[in-house]
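Here's a quick walk through a few spots worth a look. Have the model open as you read.

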Amino acid sequence: CYTTECMLCDVLPAMRGGSTFTSCGVFFLQMGWGDLGAFGEPSKETPNLDQMASEGMLFLDFYAASPLCSPSRAALLTGRLPVRNGFYTTNAHARNAYTPQDIVGGIQDSEILLPELLKKAGYTNKIIGKWHLGHRPQFHPLKHGFDEWFGSPNCHFGPYDNRALPNIPVYRDWEMVGRYYEDFKIDLKTGEANLTQIYLQEALDFISKQQASQQPFFLYWAIDATHAPVYASKHFLGTSQRGRYGDAVREIDDSVGKILKHLQKLGISENTFVFFTSDNGAALISAPKQGGSNGPFLCGKQTTFEGGMREPAIAWWPGHIPAGGVSRQLGSVMDLFTTSLSLVGLQPPSDRQIDGIDLLPAILQGKLIDRPIFYYRGNEMMAVRVGLYKAHYWTWSNSWEEYSKGIDFCPGQNVSGVTTHLQEEHSTLPLLFHLGRDPGEKYPLSFVSDEYQGVMRQISAVVQQHKETIVPGVPQLNVCDKAVMNWSPPGCEKLGKCLKPPKSDPKKCFWPH
């Protein structure tokens, strides 16, 4: 039997009244393609993730849905491009936008999230770490399918003075249990914080609880230690050849190893599908002290070059995924939505366009599924990959104004005519690269070559077909208002940490990149 359904028969008895259960885990962080030893990082400081790769499958051609965190996270949980699910802005052309404290929008009720669907199949769902899909009450993760939450609606920026800007809250389920820098310490001078250890223990306890009750679960472990300002616990500080960023990576690696060992100790590893990946490429603007490595790829976070969107990715499922596998399947974070549904025998919603594909044939049978990858920056399709070829319809790293301030998303990598500081349209003659011969996107193919002409005929048809399917969602990242910040989150009154908000004054958000 070679169909996906039959290959999953032995892991779905829980759906048919048996005692075994199948669970899913997603590790979703900010790391670069070149940050793991399994992907060639020379210091080899990620032994647990490297072992995960040796026991599972590496995806070498796996992509974020956006070069920025919030849109990628929305895409993972909906299986849809940010331009469809509303996580983009129309305030300016091709701008990266996310969910800072003053954002008015967030994930819409009209979107169907993965945990909502898994919940209907009897799953218990938990998010640990950063939500980043809106912090106002209607956007709370427990209103969108999650049963438990320990973490924060925003990243760990700060500390703030609680007058002009409030410190970010940390939630347990419906209510805050403190704020970053006040109750959850982060020492910006030394980089010391115990948050990763707290998040690790939350994961271990959740898994133990679900296993004890034979309850299938979905765990979304979305910690942010590698996002500047980078942090690590005292035990890991100063232990990496790569500085503080490496310390954070080592602690994450250690935590992933402990989670996988915990699954094995509880005897449920063969019934648990685990996937490790990132929400965008390493932030080279923070390098070298607080930024990671994108390996051989061009630029980093905020850009639609390979360094901004190609991610490290590992699938792990002992007894099902052949050990030591390497896949060249073109994959996307949106595929985790569709693949997770397939694992539990569910179909994706049929009333909307789903961009994610089911990766199980690639993972379990080694098949290669023909599909394109679209690179969006805000409301614009910047590039598309078909096979080994990538065509840029627009190029832009960042503006001359921002670049003159020292903001550089491509430090040491500027390529004439490619890493442009003005938005350059190439729709008539897209810049075309062969990523096998030129993974660094330095040598565009000649417009007059037979290779260029033949490939672009194929890519043009793919792009035309794709654009015919695009019905943009209502943009959620257009309006900002300081009155909606984290002044008085639920539970603040119990802690004496409620703050008085300013008068509402909604304005267009400014997105310079």
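Buried here means under 20% relative accessible area, exposed means over 50%, and partly exposed is in between, using a 1.4 Å probe on protein chains only. At 2% relative accessibility, C69 counts as buried. This is a predicted model, where local features need pLDDT of at least 70, side-chain atom pairs count only at pLDDT 80 or more, and totals for chains, interfaces and linings use all residues. Residues are numbered from 1 along each chain as its sequence is written, and side-chain values use heavy atoms, with hydrogens and water left out.

C69 sits in helix α3 (residues 69–78); helices (H or I, at least four residues) and strands (E, at least two) are DSSP runs numbered from the N terminus. UniProt's unreviewed entry lists C69 under "modified residue: 3-oxoalanine (Cys)", though such annotations may be inferred rather than shown by experiment.

Now for contacts, meaning heavy atoms within 4.5 Å. Both rows leave aside neighbours up to four places away in sequence.

| Residue | Contacts (within 4.5 Å) |
|---|---|
| C69 | K130, H132, D279, N280 |
| L432 | Y389, K390, A391, Y443, P444, L445, Y452, V455, M456, I459 |

Next, strand β14 (residues 373–377): 5 of its 5 residues are buried. I373, Y375 and R377 cover one side, with F374 and Y376 on the other. β14 runs antiparallel to β15 (residues 380–386), joined by 5 bridges; strands pair if DSSP finds at least two bridges between them. F374 stands opposite V384 in β15. The two strands form a hairpin with 2 residues between them, and G378 in the turn has a positive phi of about 65°.
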